Amino acid sequence: MFRFKAAVYMSLLLFTVVMTGTVGAVPNPTQDSTYPNVFYGSIPAQSHLPADVGLNAPVLAFIHGVSGTAMSWWVNNNMYQKAYDGGFRTVFISLNPDNTPNQESIASNAAMLQTLLPHIATHYGVQEMYVIGHSKGGVDIQGAMLDPGIADLVRAVFTISSPHQGTELADWAYDNPVISEPLNLLNPAVKDLQTENMAAFRSKVDPILNNYGIPFYTISGTVYEGHPITEITGKILKALVPGVIKSKSNDGFVTVSRTWLPDTYASELDAIPFNHFHTDSGGTTFQQIQGRIRGLEFAFKEFDRVASAGFSDFGGDSHNSWIWSAKWFNGALYVGTGREIECTSLLVSDVNTGTSWYTLKVLGGSCPDINTYLNSLQAEIWRYTPSDGEWRRVYKSPNLSISNTDPQGNLISYNTARDIGYRGMAVFEEENGETALYIGGVTSGAVFDPYPFGQDGFPPPRLLRTTDGINFSEVPQDPNTFLGEIGNTLIDEKTKFRSFRSLRVYNGTLFATLSDFIGSGVIIASANPSAGNDAWQQVSPPREEFPVWIMEVFNDYLYVATGLTEQQDPTNPGYGVYKTKASGEIPYTFIPVVENGGYQSQEAFRSPNGLSIAEFNGQLYMGTNRPTELIRINPDDTWDLVVGEPRDTPDGHKSPISGFGNGFCNGFNGHFWRMASDDDYLYLGTWDWSTMFMGTAPLFLLNRAFTEQYGFDLYRSADGIHWDMMSLSGMTTPDSTGVRSLEPTPYGMMLGTAGGNRLGASVFQNIGGEGGAFPAPEKLKAATISEVGQATQLTWDSVPGASRYFLYRTTLIALEELFKQSDANVELVDKNGDVVNATLDDIVAGKYDYLCDGIVGDTTACAALQQLQTMPVSEEAVTVATHPFLFPVGYQLIAVTENTTYSESAPTDLQSIYFVRAENSVGDLSVPSNIVAAPSKANPSDVIAKGDLDGDGDIDIDDINVIKTLANQPASANPDADIDGDGIITVMDARMLMMDCTLPRCARP
């Protein structure tokens, strides 16, 4: 009887339900006059904007699943309403010409889409559209995209509960023909969705889709309760695919893992706590889709992904989770990978503090089981030649077996990789004239040699060396020599050196930071690094006195950034920046440049340690761990606060010259992780922890609120003051948590990511070309608090050919305020299985720490809760000056104007972030302008003084003319006129200063 009921329900509605009832707030879609199975949604408009604001909005095409029709998206479903409210144009397709429920094959439906999609593109006058498919509809669009002409019409694809790998339920139907045939289950749709047939389909389409470079995003459901059909089918599927890990969860018709596509071109956007008939509703999934579309729409289209999923396309695998280092050498890019680094970090925490994060991540499907982990740690070095696009693995760490005895005398055997990562690289010219590439390795000692330490030493981190990029040798590390014993050296009573981190060349000597797994340590150096052994020595004080993270050569000194994380030192004395000539007695003398976290007196705002450093335009920039701030140091060692909170210092009051508070006003920017310059721009990439909400069922509402933020942020600046937000969402990859390497090359800037735990790392190449129809507005500026108080006043330069300008804004919110909002209550399942509304105070107090219990815990919520607990809660009113961690809630179009100015009352008591896009007469939009925070926290005089060459308190055409009169003279003629710091006053200095003019077109006040 049970199986019969299931079959009856499956015959009625296999993968999509058709119901009655209509959307009330928006008119029903209009039927196409040529193809009656095509329905166009109403053009969206907002009451305070021009009536034609939606005429050139992105187009979203919706495709139903088995037994569905176009009406599935607006009948008892608010997906159409949500898309309309979001400002998108829409089209809904029935796969049967007569709008009857469809049960046809992939080939048949693909042919229908190949006919309809070009017609829709012509109707809307667009070259690309976003396609959203539910269930088999997400598969049908792939069949249609086998036609390159159809693929050219697709900007990105979102699939919801789509059985990309087939489903065992379809197998079950064909294994039970006596039941299935009378119930019409043996139809073309079900036949195609058998796992064997879908495996054949995947082998055909995946190579083609991968070559297109079109991003795919998958969403799946994790529960089958809540609908009479899925209550039964989900239990059947659970019996067919038993297990407690996330990948084996099902929505009543398909397991989570069967919805995944290859990591080389697709990303898992979410796994949500809903069944198959609820995952396609607007209230359930549209925010995730909208956030990703906004991220794609607002991103600069200058970077192409040239490797993905840990080089899986080229013989690698997703265990290459981080691009941990990169260096241009001998006409090619060399990158060093880190293997399972996020999972290793969890294991380090588990063995040192007794947490159970790793077990939870295994259950959640984002870390491999321990046996797989043990066999996946061999780090790799890859070479990329941009001229032909070839990737080649040139080195792989060997494995080794270690026998040791614990303090109780028990014999312990380890099998691990010699190197689990390559964290730093440097090119060094040897005494004999050879040029060599040095690569610093990382060991797994923090996992396999935990305190209390055994009697025998764990192998030390090592340096590799190559002169041809093909043959690699170890720098000698013989026992009882300095370099041979670094693995046995105690940093403190519970920590040993496990890693080389930062490598730099200065005055004919190779310097390296030797650190613990986290990254803080000491500096060692050698003028003859290939000799190894005692040719190296420690040149900085002990770590407890001088914990070094990064180094850079600047102004004929070696500069270093220091500090300890708050976990290493809860007192948080703050980061420091020091410099040395690296001469004289050992340890060298390090001269303080900036101390005490930039002299930030408020501990909640104080950054603990430096993480990134780069020279640009004759100044040195340094970015920090959270609360993230950015400073720049001038050749005379005066310094500016670029991003961060205002403070009083021994050198006077400092306000951020960019106008931005911590993290570019984004609390998810947990690290300013990497910086690099290509001479024209300074690039800054972040680590973004918002992805911890992805697929977190107990925090589903937070997940939806912040989906636009998933993935790293990438910023760039031509002057260190005005910043473009090139991506707020990991380029095309929401699971890429951070920018872990940046390396300038003759072929453009190369960017390597820290991938998610499961999906592997990617490499992007800057190919140039912003992708906009015409230039973006320049020099967007916001008036300062001292000028306008809590108000927004924006100005920007006009764009030739622009007919009007679109303004976008995101407001900021503190977590405690978010928790107070009725639509953002965080629902958690308590120990009794009851749904409760959690408060931030409860979470911070540890009331729900049982979710981190490896036995009864939630496999995806633990890490997010841990992050929430690290966010300090303001005891005062949340104001523009009192809160260290604020979060943007999504960009909205707020105004359309023909002017180059905009004013409004500040929407909140906090800063808001703005950007502008220009529109031409045919409706094409530019890429975004630079971003600004308003009201600005800058001090106007801080910015103006640096370009005010005539001393009149502003920057205008007169200052530009000063530079022109000095053109082609050395900087000594007027050091302030050498804006780009290249030692010569040129027209480029005038162009750069024009970006800072006080008024548009550099007019005189």
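Two strands count as paired if DSSP finds at least two bridges between them. Keep that cut-off in mind. What you see here is a predicted model.

Start with strand E24, residues 521-526. How many bridges join E24 to strand E25, residues 537-538? Two, and the strands run antiparallel. For a contact to find on screen, take Ala 525: its bridge partner in E25 is Gln 537.

Now the other partner of E24. That is strand E23, residues 509-515. Six bridges join E23 to E24, and again the run is antiparallel. Look for Ala 512, whose bridge partner in E24 is Ile 524.

E23 and E24 form a hairpin, with five residues between the strands. Stop at Gly 519 in this hairpin. Its phi is positive, near 135°.

Is E24 mostly covered or mostly open? Mostly covered: six of its six residues are buried.

Next, a second place to look. Three strands make an open sheet here, in the order E43-E44-E50, with antiparallel pairing. Which strands are at the edges? Strand E43, 781-782, and strand E50, 901-905; each of these pairs on one side only.

Take E43 and its neighbour. E43 pairs with strand E44, residues 791-795, over two bridges in the antiparallel sense.

One general point to close. Strands of a sheet pair through backbone hydrogen bonds, either parallel or antiparallel. For E24 with E23, the sense is antiparallel. For the sheet E43-E44-E50, the pairing is antiparallel too.

How values were computed
Residues are numbered from 1 along each chain as its sequence is written. This is a predicted model: local features need pLDDT of at least 70, side-chain atom pairs count only at pLDDT 80 or more; totals for chains, interfaces and linings use all residues. Side-chain values use heavy atoms; hydrogens and water are left out. Buried means under 20% relative accessible area, exposed over 50%, partly exposed in between (1.4 Å probe, protein chains only). Helices (H or I, at least four residues) and strands (E, at least two) are DSSP runs, numbered from the N terminus.
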